[in-house]
Amino acid sequence: FIMVARRSAVFLACAAGSAAAFSVPPSMQLRGSRTDVAVDCSASPLGRRQMLGATLFGTGAILVNPQVASARKEVSDGGLPPGIAEYMGVVKAKKQWTQIGKRVAEGHAEMPAEEWTNIQGFLRKFYDTGKEMEEVSNAFSNDERKAVAEVAKGFKKAVKAIDKPAKEKDWEAFMTQHAQLLAYIEDFQDIRAGKKKEVKSSQNGVVDL
């Protein structure tokens with residue numbers, strides 16, 4: 001009876017087709033692709049930067065699941081290669097910051113005090129975007145890393161400064177400084193894309209504390 005059962009199980013597995021019987025789990029496929037990226041990125045600073053973009057926008061699996069993007073695990077344990085999670089954090093922060101600016105610009109007259117308080121709370125987390133820029137720049141050339149360090153320093157200073165107009169509900173001053181913070185992020189993205197190594201807007205519009 002045992003031998004018949006085993007033969008039946010083998011027959012059913014074969015009948016189901018090799019694609020279904022031996023399909024690789026999605027998590028294993030994703031982990032494999034990450035390992036390849038980590039190896040390929042060692043070629044040069046430019047290659048690492050290009051591979052960073054290719055990994056983000058060339059594979060749907062990473063972007064589809066934001067929970068995976070936020071996981072800080074080793075690559076061998078299914079985590080993202082160094083720099084990938086940080087860059088995704090910068091992209092997400094830029095999107096959120098743009099939405100906040102739109103809300104303040106268009107709806108400041110109706111914003112309750114609680115909403116301004118929430119913005120102040122967001123700034124605590126937004127500050128870390130400067131650190132993420134620096135983490136991503138580890139894959140850049142020396143000149144580009146220096147430029148990013150300059151951007152990140154100004155960015156963190158500006159985040160601290162904009163807390164004041166948020167606290168005072170001064171929407172006009174807030175929007176002026178909001179635009180400068182957005183410019184810092186765009187400077188960083190331009191450096192990452194290889195468009196420039198010197199920062200033009202990093203010293204403009206930052207309010208002294």
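The model is predicted, with local features needing pLDDT of at least 70 and side-chain atom pairs counting only at pLDDT 80 or more, while totals for chains, interfaces and linings use all residues. Residues are numbered from 1 along each chain as its sequence is written, and side-chain values use heavy atoms, with hydrogens and water left out.

Q: How do you know that the span of helix 11 agrees with its number of residues?
A: The expected span is 1.5 Å times one less than the number of residues. Helix 11 (residues 171-192) has 22 residues and should therefore span 32 Å; its end C-alpha atoms are 31 Å apart, which agrees. Helix 11 is followed by Gly194, which has a positive phi near 80°.

Q: Why is Ile191 called buried?
A: Buried means under 20% relative accessible area, exposed means over 50%, and partly exposed lies in between (1.4 Å probe, protein chains only). Ile191 has 0% relative accessibility, so Ile191 counts as buried. Its place is in helix 11. Asp143 is 48 residues from Ile191 in sequence, and their C-alpha atoms are 9.8 Å apart.

Q: What makes helix 9 roughly antiparallel to helix 10?
A: The axes of helix 9 (residues 128-136) and helix 10 (residues 142-168) cross at roughly 175° and come within 8 Å. Angles under 35 degrees count as roughly parallel, over 145 as roughly antiparallel, 65 to 115 as roughly perpendicular and the rest as oblique. The crossing therefore makes helix 9 roughly antiparallel to helix 10. Axes here are lines fitted to C-alpha atoms, for helices over the stretch in contact, and angles run from 0 to 180 degrees between N-to-C directions.

Q: Which residues of helix 9 and helix 10 meet?
A: Contact means heavy atoms within 4.5 Å. Thr129, Gly130, Lys131, Met133 and Glu134 in helix 9 meet Val148, Ala149, Val151, Ala152, Phe155 and Lys156 in helix 10.

Q: Why is Lys156 called buried?
A: The relative accessible area of Lys156 is 16%, so Lys156 is buried. Leaving aside neighbours within four places in sequence, Lys156 is in contact with Tyr127, Gly130, Lys131 and Glu134.

Q: How many of the residues count as buried, as a percentage?
A: Of the 209 residues of the protein, 38% count as buried.

How values were computed:
Helix = DSSP H or I, 4+ residues; strand = E, 2+ residues; numbered from the N terminus.
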